[in-house]
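Student: I would like to go through this model with you, chain by chain and then across the interface. Can we start with the sequence and structure in view?

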Amino acid sequence: MKRSAEPWERSLREGLDALAGTVAEESPPDLGAFIMLVSDVQREQRRALRRDLVRFLTAAGLILCAWLWAWLQFPVYFLMAQGALAFAMAAAVAWAAAGGRRASHE
Amino acid sequence: MGDLDLIRRAQRGDPAALAALLQQHYLPVKKYLVTIAFDRGLAEDLTQETMIRAIQRIGQFQGRSRFSTWLMTIATRQYLDWLRREKRERQAAARVADVQPLWQAPPSPEVQSLMAALQALPREGALPVVLKHYYGYTYEEIAEWMEIPVGTVKSRVFNGVRTLRRELGQDEA
């Protein structure tokens with residue numbers, strides 16, 4: 001930290017030191033609270049990653065199916081089956097997410 | 001245990017190491033945020049957000065700067081996000097009154113009037129003054145943290161300092 005040369009800088013330093021001094025006497029939360037915070041944040045991160053992965057795979061799967069349908073000239077029921085599959089996957093993801101939320105509240 | 005060892009373990013996925021690392025740096029981050037936000041309640045909230053962001057991004061810490069500097073960068077961005085998100089310039093100005101009870105021993109009238117003038121500056125104008133003249137960071141570092149051009153930082157510091165000098169009757173212009 002640079003040494004102040006002017007009166008306004010000394011006043012600034014003094015005022016901010018006084019503000020910072022109020023925190024210096026506090027103690028941080030205990031280690032257990034930090035471990036819990038780290039676990040919660042990392043769990044949420046993993047859940048978000050899984051969610052994104054499922055979304056990506058679903059979208060990729062649908063695109064692939066649509067491409068196959070167009071390329072191989074499958075009948076219309078293939079398209080209906082594809083829609084049903086997408087609906088089932090979305091329901092499974094929603095069900096899994098709800099289960100995760102329930103578990104985190106217990 | 002040193003920061004480096006804890007960082008390595010934290011990056012390998014050891015939650016206890018990361019928790020210990022954050023606990024060590026909790027008060028310095030909070031202290032820093034109090035000096036830039038002038039508000040203990042806000043500093044407390046932003047410290048929490050900074051810790052959460054650090055947990056999410058610990059894998060991206062490459063050791064180019066000290067861990068404490070990395071945390072301060074995150075804290076500064078959290079504060080700037082808060083400013084932008086909430087657009088609380090007016091409310092922040094109303095927080096001046098909150099600062100007085102923070103001091104255990106009231107500072108001299110000169111310091112009090114300077115602090116009032118500092119808090120009356122637009123928040124994004126006060127921040128570079130504090131970073132430059134209290135923490136001693138370079139214009140380039142401040143520009144990088146605030147994601148604004150160096151020229152803008154210089155101009156904000158110049159204008160801020162001129163206001164503070166005027167407040168203390170030291171304006172030579």
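Tutor: Helices here are DSSP runs of H or I with at least four residues, strands are runs of E with at least two, and both are numbered from the N terminus. Keep in mind that this is a predicted model.

Student: What pattern does chain B follow along the sequence?

Tutor: Start with the element counts. Chain B has 10 helices and zero strands. Read along the sequence, its pattern is α-α-α-α-α-α-α-α-α-α.

Student: And which pattern does chain A follow?

Tutor: Count the elements again. Chain A has three helices and zero strands. Its pattern along the sequence is α-α-α.

Student: What percentage of the residues of chain A count as buried?

Tutor: A residue is buried if 20 or more other C-beta atoms lie within 10 Å of its own. In chain B, with 173 residues, the buried part is 36%. For the 106 residues of chain A, the figure is 9%.

Student: Among contacts in chain B between residues at least 6 apart in sequence, what percentage join residues at least 24 apart?

Tutor: Contact here means C-beta atoms within 7 Å. Take the contacts in chain B between residues at least 6 apart in sequence. Those that join residues at least 24 apart make up 59%.

Student: Which element gives the largest share of the side of domain 1 of chain B that touches domain 2 of chain B?

Tutor: The domain assignment gives domain 1 (1-95) and domain 2 (103-173) of chain B. Their contact takes 10 residues from domain 1 and 10 residues from domain 2. On the domain 1 side, helix 2 (15-37), helix 4 (67-86) and helix 5 (89-94) of chain B each give two or more residues. The largest share, four residues, comes from helix 4 of chain B.

Student: How do the residues on that side of domain 1 of chain B divide?

Tutor: Sort the residues of domain 1 of chain B that touch domain 2 of chain B by class. They come out as six nonpolar, three polar and one charged.

Student: How far apart are the end C-alpha atoms of helix 4 of chain B?

Tutor: Helix 4 of chain B has 20 residues. At 1.5 Å a residue, the helix should span 28 Å. The model agrees, because the end C-alpha atoms are separated by 28 Å.

Student: Which helices do the buried residues of helix 4 of chain B pack against?

Tutor: First, the buried set: F67(B), W70(B), L71(B), M72(B), I74(B), A75(B), T76(B), Q78(B) and Y79(B). Then look at what surrounds the buried residues of helix 4. They pack against helix 1 (3-11), helix 2, helix 3 (40-57) and helix 9 (139-146) of chain B.

Student: Is F38(B) buried or exposed?

Tutor: F38(B) is in the loop between helix 2 and helix 3 of chain B. Its phi is near 60°, a positive value in a residue other than glycine. Most residues other than glycine have a negative phi. With 24 other C-beta atoms within 10 Å, F38(B) is buried.

Student: Is E147(B) buried or exposed?

Tutor: E147(B) sits in the loop between helix 9 and helix 10 (150-167) of chain B. E147(B) also has a positive phi, about 55°, although it is not a glycine. E147(B) has 9, so E147(B) is exposed.

Student: Now the two chains together. Which element gives the largest share of the side of chain A that touches chain B?

Tutor: In all, 30 residues of chain A are in contact with 36 residues of chain B. On the chain A side, helix 1 and helix 2 (31-72) give two or more residues. The largest share, 15 residues, comes from helix 1 of chain A.

Student: How many C-beta neighbours does M115(B) have inside 10 Å?

Tutor: M115(B) lies in helix 7 of chain B. M115(B) counts as buried, because its number of C-beta neighbours inside 10 Å is 25.

How values were computed:
Residues numbered from 1 in each chain as written. Chains lettered and ligands numbered in written order. Predicted model: local features only at pLDDT ≥ 70, side-chain atom pairs only at ≥ 80, totals over all residues. Contact = placed C-beta atoms within 7 Å. Buried ≥ 20, exposed ≤ 12 C-beta atoms within 10 Å, placed from the backbone. Domains from an automatic or database assignment. Nonpolar A, V, L, I, M, F, W, Y, C, P; charged D, E, K, R; others polar. Expected span 1.5 Å × (residues − 1).
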